[in-house]
Amino acid sequence: MRTAIRTAVTAAAAAAALAVPAAPAGAAAPGAASYGTTTAVGVHNAYEQAKYPYFADALDSGAGLLELDVWSNGFGGRAFRVSHANPVRNDNNCEGAASPAELRTKSRNQPLSGCLADIRAWHDAHPGHRPVLLKVEMKDGFNANSGRGPAALDDLLTATLGDALYRPADLMGSHATLDEAVRADGWPGRSALAGKFIVELIPGTVEEGNPADRLWTDREYATHLRDLAASGRLARAGAFPAVHGATAGDPRTRYADTTIRPWFVVFDGDATAYTRGGIDTAWYDSRHYLLVMTDAHKVPPAIDITRPTETQARERLSLLARAHASFVTADWYPLPQVLSAVAPRG
């Protein structure tokens, strides 16, 4: 049964990869457009086995964003773990493939290193693939005192993804901060980012709900970027921290330390909050910031969380693209023909 499901999923994904959505009249083709001027579709918690038998299947889906939940506490050993609700054990579709030939052949429920190994193996089998944003929710935050802090994550990303990783230093170039760079030059073209993965970090639900945790992922990693840049070592960084939560105005004003604000160029929050009024989402677009809108299915009129019709899902993509989203996410894993769609932003 698993083989039959996997074959069906792979066949559908292959068909979706060949179906390039038509751009509206006057719009640039997706490959020619800047990464910051398009809207792509993402899959929430793409590591779950109920959605994809293997993470390679998620990569085959055509989605522009795939999400991983990561735990760092010391109760489950020294590795970063990938699971939705189990803080001490891995529960996922990652297998730790060492080569493309090993994809879909090994035991699943591997740590983050195994998920990244699968991503690298898939990358090696698909040179020039679409750019993919890997959204990482740090469920309980970093644990630097136990060897699972920002630097350890950077080292792991470098060791596994290597040259397939698009880094903050790549975006910053000769500018002083990420904010200065992206506002001046924007993001590279989608074609220039072919074969690349971009890692986004957000604070996790457990971290945000823990009154004893006073150093969330966003602030900790932005401080890490600032300090690396100050010491001339920004090239070591592998991820982009995101401001989490939809609020009016510039959400970075929540950070009392003004020196970390220019290190945020990715923003992430609930689609309904962004679109219900009171938030100027064009502000993000005009400054070339990436804006991830989650729970796209909940925006009125609500549609099915998993299996809307293709027409409904495409209309929702168009609606949120006009609202200046860079990515819209839901659980639409049964719709690879929608997951591979790329729309003009704005």
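Predicted model: local features only at pLDDT ≥ 70, side-chain atom pairs only at ≥ 80, totals over all residues.
Residues are numbered from 1 along each chain as its sequence is written. Local features here need pLDDT of at least 70 and side-chain atom pairs count only at pLDDT 80 or more, while totals for chains, interfaces and linings use all residues; side-chain values use heavy atoms, with hydrogens and water left out.

**Stop one: the disulfide.** Select Cys 94 and Cys 115, which are joined by a disulfide with S to S 2.0 Å (a pair of cysteine sulfur atoms within 2.5 Å). A search of the whole structure finds one such link. Cys 94 sits in the loop between strand 3 (81-82) and helix 3 (112-125), and Cys 115 lies in helix 3, 21 residues apart. Helices (H or I, at least four residues) and strands (E, at least two) are DSSP runs, numbered from the N terminus.

**Stop two: helix 3 with helix 4.** Look for Leu 112, Ser 113, Leu 116, Ile 119 and Arg 120 of helix 3, which meet Leu 153, Leu 156, Leu 157, Thr 160 and Leu 161 of helix 4 (contact means heavy atoms within 4.5 Å).

**Stop three: helix 4 with helix 8.** Select Pro 150, Ala 151 and Asp 154 of helix 4, then Glu 220, Tyr 221, His 224 and Leu 228 of helix 8, to see the contact.
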